[in-house]
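This report describes the cores, strand pairing and aromatic pairs of one model. The sequence and structure are shown first.

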Amino acid sequence: MEVRTLEDLVRFDPEKKQKIPVFDSPHMYYDLYTLMPGQLQRPFVFKKADKIIYVLSGTLQVRVGEESAELRAGQAVRIPAGTVNSMENTGQENVVALVVVAPHPECAERKKRRQKKPAPRGTGSEGSRG
């Protein structure tokens with residue numbers, strides 16, 4: 001069983017937002033995002049994965065499509081697959097948020113690449129003469 005103490009993982013960098021892996025599986029990822037005042041995540045979209053942001057501390061301005069909301073500690077937002085989203089710490093306090101994305105975007109990309117590959121040729125007796 002994997003157990004993590006989130007407060008032990010929290011770190012900040014004055015240069016940019018931190019994305020700290022907590023759990024990662026082929027099905028989803030679960031990260032901590034930490035943002036100091038003024039830091040942001042530029043507009044981004046997962047084409048085939050939903051994203052949930054849950055604010056643990058601070059105040060986070062979140063934009064989802066054409067809508068925006070200020071999330072405080074204890075509030076969450078779901079971002080449907082294919083929706084452009086961004087976030088910014090517009091407050092005076094550091095922000096810590098949990099971010100869950102499922103299905104794992106890399107898993108969706110691998111699946112898409114597999115579907116594009118031609119079917120493998122059999123390794124049985126095709127073409128052999130005996």
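## Nonpolar cores

In this predicted model, Leu-60 touches Leu-35, Ile-53, Val-55, Ala-69, Glu-70, Leu-71, Met-87, Glu-88, Asn-89, Val-95 and Ala-97, leaving aside residues up to four places away in sequence; a contact means heavy atoms within 4.5 Å. Leu-60 also belongs to the largest nonpolar core, which has 17 residues. Such a core is a set of buried Ala, Val, Leu, Ile, Met, Phe, Trp, Tyr and Cys residues joined through side-chain atoms within 4.5 Å. Buried denotes under 20% relative accessible area, exposed over 50%, and partly exposed in between (1.4 Å probe, protein chains only).

The members that touch the most others are Tyr-33, Leu-35, Ile-53, Leu-60, Val-62, Met-87 and Val-101. At least two residues of this core come from each of strand 2 (29–35), strand 4 (50–57), strand 5 (59–64) and strand 9 (95–102). Strands (E, at least two residues) are DSSP runs, numbered from the N terminus. Strand 9 supplies the largest share, 4 residues. Another core, of 5 residues, lies apart from it and includes Ile-20, Val-22, Leu-32 and Val-96.

Antiparallel pairing of strand 5 with strand 8 (residues 85–88) extends over 4 bridges. Gln-61 stands opposite Glu-88 in strand 8.

## Aromatic pairs

The whole structure contains 3 aromatic pairs. Rings of Phe, Tyr and Trp (its six-membered ring) pair if their centres lie within 6.5 Å; planes under 30 degrees apart count as stacked, over 60 as edge-to-face and the rest as tilted. Phe-23 and Tyr-30 form a tilted pair, because their ring centres are 5.8 Å apart and their planes stand at 55°.

Tyr-29 and Phe-46 are both buried.  Ring pairs link Tyr-29, Phe-44 and Phe-46 into a cluster.

## Confidence and conventions

The protein chain averages a pLDDT of 87, and 82% of the residues score at least 70; pLDDT is the predictor's confidence in each residue, from 0 to 100.

Residues are numbered from 1 along each chain as its sequence is written, and side-chain values use heavy atoms, with hydrogens and water left out. Local features of this predicted model need pLDDT of at least 70 and side-chain atom pairs count only at pLDDT 80 or more, whereas totals for chains, interfaces and linings use all residues.

Technical notes:
Two strands pair if DSSP finds at least two bridges between them.
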